[in-house]
Amino acid sequence: MSESLYDRIGGEAAVNAAVELFYRKVLTDHRINRFFDKTDMDKQIVKQKAFFTMAFGGPNTYTGQDMRKAHVHLVKMGLDDSHFDAVMEHLGATLTELNVPADLISEAAAIAESTRNDVLGK
Amino acid sequence: MIALSLIFTEHRVATGDCPYKQKMTNLKIGEKNYTCNSEETVLDSLLRHEVEVSYACKKGTCQSCMLQCTDGIPPENSQKDLKDTLKKQNYFLACLCVPEQDMTIKLPDQSELFSDGKVIANEMLNRNTILLIVECLDVLEYNAGQFVNLQRADGVTRSYSIANRPQESKTLEFHIRRLPGGKFSEWVHDEIKVGDSLSVSEPKGHCFYIPERKEQGILLVGTGSGLAPLAGILTDALAHGHSGPIQLFHGSSEREDLYRVDEMRQLSKQHQNFSYTPCISGADVPEGFKQGRANTVALNEISDLKGWRVFLCGHPEMVSQMKMQAFLQGASMGDIYTDAFHVRQEEDSES
C-alpha cells in the first residue's frame, strides 16, 4: 500500500483521459446537464479535472467546506441525491471505458461518495 | 552608492550560505521591480509585495493567476495545461512558476501599447464589408487570426481580426462590416482615406494556427466577417505546409453577404487538401452554395471530429453552440479555438 490510488490509476495522464469522456456524458444527460454551466466550457473542464484528481485521491486542497460552498447555488436549483447518483454512474462508466481495474474504480467511487453530504449541503 | 551597496549586501545574505541553490530573481512589472526568493513562486512573491493579482487554487488548476512573460520563455511546468497558442505567447500560471531567471511580466489589466498605423488600401468586399489594409512596422509578433484594437485619433477603439499573414507584407488586413449607427465602422466605410493614421494595439487572443501536428484535420467555421480570422488562419496553415484536410464553411443568410467566394474556390483548386463550402441559411440558394447554417452543414459533413482542430469565428450564438457540438462530436476541448464577435451596444450612436 505504498503507492497512492492516484499513482496506481495513472496520475495526471489518467485524469486527462477521463475528464473529456466524463464531461461529454454529463452534457448529454438530461437528468443533470442543467447543473453544468455551458457558457464557459474551458472553465468547466478545469473544474472536472479537479474533481477527478480528488476522486483519485490525488493532490488537491479542497476541504468539505469548499465543496459545500461551491455547490450552494446548485442545491438551491434542486440538486439532490438522484443527481449525485447520476454523476457517480458517469464516473464509473468513464473509468470502465478506460479499462481501469474494478478494484481501483471502487476506491475512486468511495472517495467521490465521501463528498456526498458536503456537495448536497446536508 | 549607498543604496546600491545595501542591495548588494542583501543579495549576499540571501544567497551566501547556499551558493549552489537557485538564487533570488527579479520580477519587473511596468516600472516596478519585485524580488522573488529562491524557490518562491511568482504568485507568492507578488502577494508578499501586495501586488493585486487574481488567484484561487494555488495549484495550477483554476488558471485564474495566468500572467504573460514579455521577455522570454517561462519555465515549462508553469505552462501546464495551457492552450498551445497561449504557451506560444509565453503565458504562464504564477502559482506554478518558480523563476529560473529574471522575468518581465505583464498583468492582465495593464494598459496596452499602441503603435502607429497608416491606411494603404480600402475597398469593398461585398455590399456591407470593407477590406482595410493598414501598414504597421512591428508586426512580426502578430499572428493571422488574432485580433487587435484599432484606435482613431479621438480615442474611439474597436477590435478587429487579422485576415492575412502580417510577417509577409508588414501590413494588417481587416474585414470591417458596416454596423448601422456604429461610430467606428461607419467612419471606416464613409470617411477613411488612404494615408490616414490609425493606432494599432498589440495582438490579442489565442485563435491562430500553430505549425504542429500538420497531419491533423482543420475545421474552419465562420459567419459574416468571421471569415477574416479564418482566411488568415487558412493562409497561415497552407503557408506552413499543413498536410491534413482543411475544410472551410462560411455562412450568411444571403448570397450578397458572403464574399471572396471566387478566391476561395480558386484556392481549393490549387490545394488538394483544402475544401470550401459557402452556406446560405436563407431561402434563395443559388447553385454551388449549400442551404443551411454553416455550423449545421459542417457537422453534417464531418460527423466525427475526434482529433480535429476546430476554429469558430463570428456570431456569438453560432460560436457557443458549435463549440459544444464540436466537443460532443469528439473534438478535444484544447483543440477548439473560438472568436465570438460581440457587437458593442453603441452608447455613442447619437453623435
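Reader: Why are helix 2 of chain A and helix 5 of chain A called oblique to each other?

Author: Helix 2 (residues 11–27) and helix 5 (residues 81–97) of chain A cross at roughly 135 degrees, and their axes come within 9 Å. Angles under 35 degrees count as roughly parallel, over 145 as roughly antiparallel, 65 to 115 as roughly perpendicular and the rest as oblique, so this pair is oblique. The axes are lines fitted to C-alpha atoms over the stretch in contact, with angles from 0 to 180 degrees between N-to-C directions. Helices are DSSP runs of H or I with at least four residues, and strands are E runs of at least two, numbered from the N terminus.

A word on the source: this is a predicted model, where local features need pLDDT of at least 70, side-chain atom pairs count only at pLDDT 80 or more, and totals for chains, interfaces and linings use all residues. Residues are numbered from 1 along each chain as its sequence is written, while chains are lettered from A and ligands numbered from 1 in the order in which they are written.

Reader: What makes strand 2 and strand 4 of chain B edge strands?

Author: They belong to an open sheet of five strands in chain B, with order 2-1-5-3-4 and mixed pairing. Strand 2 (32–36) and strand 4 (91–93) each pair on one side only. Pairing requires at least two DSSP bridges between two strands.

Reader: How do you know that strand 1 and strand 5 of chain B pair?

Author: Strand 1 (residues 25–29) and strand 5 (residues 103–106) of chain B share two bridges, in the parallel sense. B:Leu27 stands opposite B:Met103 of strand 5.
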